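Welcome, and take your time with the exercises that follow.

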Amino acid sequence: MPIEAVADALVEVRDLTTLLSGKAVFDGLSLDIPRGKVTAVMGPSGTGKTTLLKHITGQMRPDRGTLRVDGQNVPTLGREALYALRERIGYLFQNSALLTDYDVFENVAFPLRQHARLPEVLLRNIVLTKLQAVGLRGAARLMPSELSGGMARRVALARAIVFDPMLILYDEPFVGLDPIALNQVLKLIRTLNRTLGITSILVAHEFAAVRQVADLVHLIANGRCVASGTPEQLARGESDWTRQFFGGEADGPVPFQYPAGDYATALGFTGAAA
Amino acid sequence: MSADMKTRAPRGGMLVDGLAQVGDCGLFLLNMLGAIPRSLRHLREISRQIWFVGAMSLVIIMISGLFVGMVLALQLYYTLSIFGGTAALGTVVALSLYRELGPVITALLFAGRAGTAMTAEIGLMRATDQLAAMEMMAVDPIAFVATPRFLAGVIAMPLLANVFSLLGLLGAHLVGVTWLGVDNGTFWSNMTSNVDVWKDIVNGTWKALAFGVVVSLIAVFQGYTAPPTSEGVAYATTRTVVFASIVVLALDFVMTAFLM
């Protein structure tokens, strides 16, 4: 589907092709992520949403195509430039990925200790400010093993925003959360975007949650962007893809059956049928 | 080899895969050596690892050293008494410990105690995305995780081997002098006049240093390249013990041949 270029795009993906074990995960993917907005990337499982995030952060290089983040073509960046770019990007992992040897405070302080030589008082104040923003200042001295899933994700979010990034990537932020924790994370995503203007990319499956925060949704399938628009536009979409995905239909362009050989042959009925 | 190297797919037969892994391990070592200047910024992490792999291994090393020394004294006393040479007990025990048993047994124990812990810890860090999270925070996991553990192992091994040998001597003294009645003065004086600091103790320390390099390298490499599954980490931990033990024993032969 030809995409309409966004005037002020922070991330521009053009003709991205990625092969994994000989299979095309992306086959000419093109899309834009507008600056200062919350953009959700959705699609059936296994369509490469997390892979797209890895391309954006330079953890994986595509086989072809360009991917510009704030004007820099990520696949061609060297190590130093890539690390400099990553300092401006926050990444919320699906499993939070907190450092298990450190308590909550030290987890949030970790990027500051590594990259900024700050007086301890200032560092402490920054960390406590971020923890206050996610509602966990009182949990500063707990270890990751003492946190619930929702709390761990909020700590990871505090760590992701400790450098006031220009871009935050959320990889499945709602998975495994109870309704209270889910609403807390939703509120944080919305607040960070509205108050700090941080551009956000959200990979998620929960459309009900996504439509509360996302300004734009890209639907990826078959290695391409098959639909883009506001959550409402996509919910009303008439294409086979949008109908199946947002209507939650079991069969459609994404088949219920994993590709396989003839069923009767597999059961040994070929001779009997003849 | 990139800093975010993961498990490679098998490339062919066992020989080809084995050689490829040796090559990967060599490149990994070069990466770690290249990251030493950046690692030195994390002195707190290095000292934390020295505490973990060195100080925390002291108990097992000291107890083992004591018992090995005691057994050695018993066996050698019996053998030497056949030739009427029990006066040489201290010398023989000291030479056996400092030249051979101290470095080798310490390396084997070190692989089992600290090596497996390093492999499992790094493997689990990979499986729980902690290494990926560091990369995303623009922190090189080779410099922050791998190299400090490697350096800690290299620093701790010679110290532990010397502690092992020292406790072995005390164990031998306990059995030889206190129990079996070898003269105390003969035990120590024969030892001090026949054991050469440079030829025996320092050469043994060189061996321990070399074993520290190979055991730590194997442990860190296995953890770093472990498949991110519970089975993958379990196999990597086993491989650390097996590979480290074989390499230590083979390297011991080569080094002994050159240092004699």
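**Exercise 1. Find the salt bridge that Asp140(B) forms with Arg79(A), and say where each partner lies.**

Step 1. Start with the distance: the closest N and O atoms of Asp140(B) and Arg79(A) are 3.3 Å apart. A salt bridge here is a side-chain nitrogen of Lys or Arg within 4 Å of a carboxyl oxygen of Asp or Glu.

Step 2. Asp140(B) lies in the loop between α6 (130–136) and α7 (141–179) of chain B, and Arg79(A) in helix α2 (residues 79–86) of chain A, so the pair joins two chains. Helices (H or I, at least four residues) and strands (E, at least two) are DSSP runs, numbered from the N terminus.

Step 3. Now look at the cover. Asp140(B) is buried at 7% relative accessible area, while Arg79(A), at 35%, is partly exposed. Buried means under 20% relative accessible area, exposed over 50%, and partly exposed in between (1.4 Å probe, protein chains only).

Step 4. Arg79(A) also lies over the face of Tyr83(A), 4.8 Å from the ring centre. A charge sits over a ring if NZ of Lys or CZ of Arg is within 6 Å of the ring centre and within 35 degrees of the ring normal.

A note on the model: it is predicted, with local features needing pLDDT of at least 70 and side-chain atom pairs pLDDT 80 or more, while totals for chains, interfaces and linings use all residues. Residues are numbered from 1 along each chain as its sequence is written, chains are lettered from A and ligands numbered from 1 in the order in which they are written, and side-chain values use heavy atoms, leaving out hydrogens and water.

**Exercise 2. How many salt bridges are found over all chains, and which residues are linked in a network?**

Step 1. A search of the whole structure finds 20 salt bridges.

Step 2. One of them is between Arg149(B) and Glu121(B), whose closest N and O atoms are 3.1 Å apart. Arg149(B) is in helix α7 of chain B and Glu121(B) in helix α5 (residues 89–127) of chain B, so this pair links distant parts of the chain, 28 residues apart. Both Arg149(B) and Glu121(B) are buried.

Step 3. Widen the view: salt bridges link Asp101(A), Glu45(B), Arg48(B), Glu121(B) and Arg149(B) in a network.

Step 4. For another case, turn to Arg211(A) and Glu232(A), which meet at 3.7 Å, N to O. Arg211(A) is in helix α7 (residues 207–213) of chain A and Glu232(A) in helix α8 (residues 231–235) of chain A, 21 residues apart. Arg211(A) is partly exposed at 36% relative accessibility, and Glu232(A) is partly exposed, also with 36%.

**Exercise 3. Locate the aromatic pairs, and say which rings form a cluster.**

Step 1. The search of the whole structure gives six aromatic pairs over all chains. Rings of Phe, Tyr and Trp (its six-membered ring) pair if their centres lie within 6.5 Å; planes under 30 degrees apart count as stacked, over 60 as edge-to-face and the rest as tilted.

Step 2. Tyr102(A) and Phe110(A) have ring centres 6.1 Å apart and planes at 35°, so they are a tilted pair. Tyr102(A) is buried at 15% relative accessibility, as is Phe110(A) at 3%.

Step 3. In chain B, the rings of Phe28(B) and Tyr224(B) are also tilted, because their planes are at 50°, with centres 5.3 Å apart. Phe28(B) belongs to helix α1 (residues 14–34) of chain B and Tyr224(B) to helix α9 (residues 197–224) of chain B, so the pair ties together parts 196 residues apart in sequence. Both Phe28(B) and Tyr224(B) are buried.

Step 4. The cluster consists of Tyr102(A), Phe110(A) and Phe144(B), linked by ring pairs.

**Exercise 4. Is helix α1 of chain A mostly covered or uncovered?**

Step 1. Helix α1 (residues 49–56) of chain A has six of its eight residues buried, and is mostly covered.

Step 2. Its buried residues are Lys49(A), Thr51(A), Leu52(A), Leu53(A), His55(A) and Ile56(A).

Step 3. Just after this helix, Gly58(A) takes a positive phi of about 75°.
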